[in-house]
Amino acid sequence: PPLSHPVNDLTVMTPLGLVFVILLSSMMLTGMSVIFDKEQGASFRVSISPATKIKWLFGKVLGQLLFALGQVIIIILVGAIFFGVSVQGNIIELVLALSVVSLSFITMGLFITNFTKTQSTTILASLLMIVPMIFLSGIIFPYEFMPASVSFFGKLLPLTQGIELVSTVLVRGLPLVSMSLGFFYLLVLSGIFFATAAINPDYLK
């Protein structure tokens, strides 16, 4: 929908940049961090400590989530101070939107490491998921030029939903509740990705 208030071009582009940074850093860093821990004997350490695998996974997700939020807060502050980027919506709702977007990409990183054993294959697997998402998100090729089935699938991707969610709050200034379906969709996806790691008995091996 058209904007009800004027914003500069950088503000319009900011959600795209923020979600891209989260996508690239969260998915890859999570995957590489998990593989590093596996190589350092995470399975043995968890087996002799009071912490369970679920707690270990929650700790991994929380650490990456705080790192991702730190990144985007710095980007927003730099954009606001030096380039006139303005947040049109509620700051708390923007943080919530960025949190759920970060969570979806972090848990995708966990999901990938169900199938990879080395950092190099983890990076490759991440790219095999990232590149198609970029092409199907409507950023490079508008949905108008895609077949209906491809367009429908592209709109369901976490990257597409993430950009729409952050744009709704940051650029349009609308309440997060107006994108509640997308918000809970990303939460459900995150839960599914997390569950694949949690129920895998060989995940830490």
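In what order do the elements of the protein chain run from the N terminus on? They run α-α-α-α-α-α-α-α, and the chain holds 8 helices and 0 strands, where helices (H or I, at least four residues) and strands (E, at least two) are DSSP runs numbered from the N terminus. The radius of gyration, taken over C-alpha atoms, is 18 Å, close to the 17 Å that the globule rule gives for 205 residues, so the chain is as compact as a globular protein of that length; the rule is 2.2 Å times the number of residues to the power 0.38.

This is a predicted model, in which local features need pLDDT of at least 70 and side-chain atom pairs count only at pLDDT 80 or more, whereas totals for chains, interfaces and linings use all residues. Residues are numbered from 1 along each chain as its sequence is written, and side-chain values use heavy atoms, with hydrogens and water left out.

| Property of the protein chain | Value |
|---|---|
| Buried share of the 205 residues | 44% |

Buried means under 20% relative accessible area with a 1.4 Å probe, protein chains only. Leaving aside neighbours within four places in sequence, F105 is in contact (heavy atoms within 4.5 Å) with residues including V19, L23, M133 and L159.

Notes
Buried means under 20% relative accessible area, exposed over 50%, partly exposed in between (1.4 Å probe, protein chains only).
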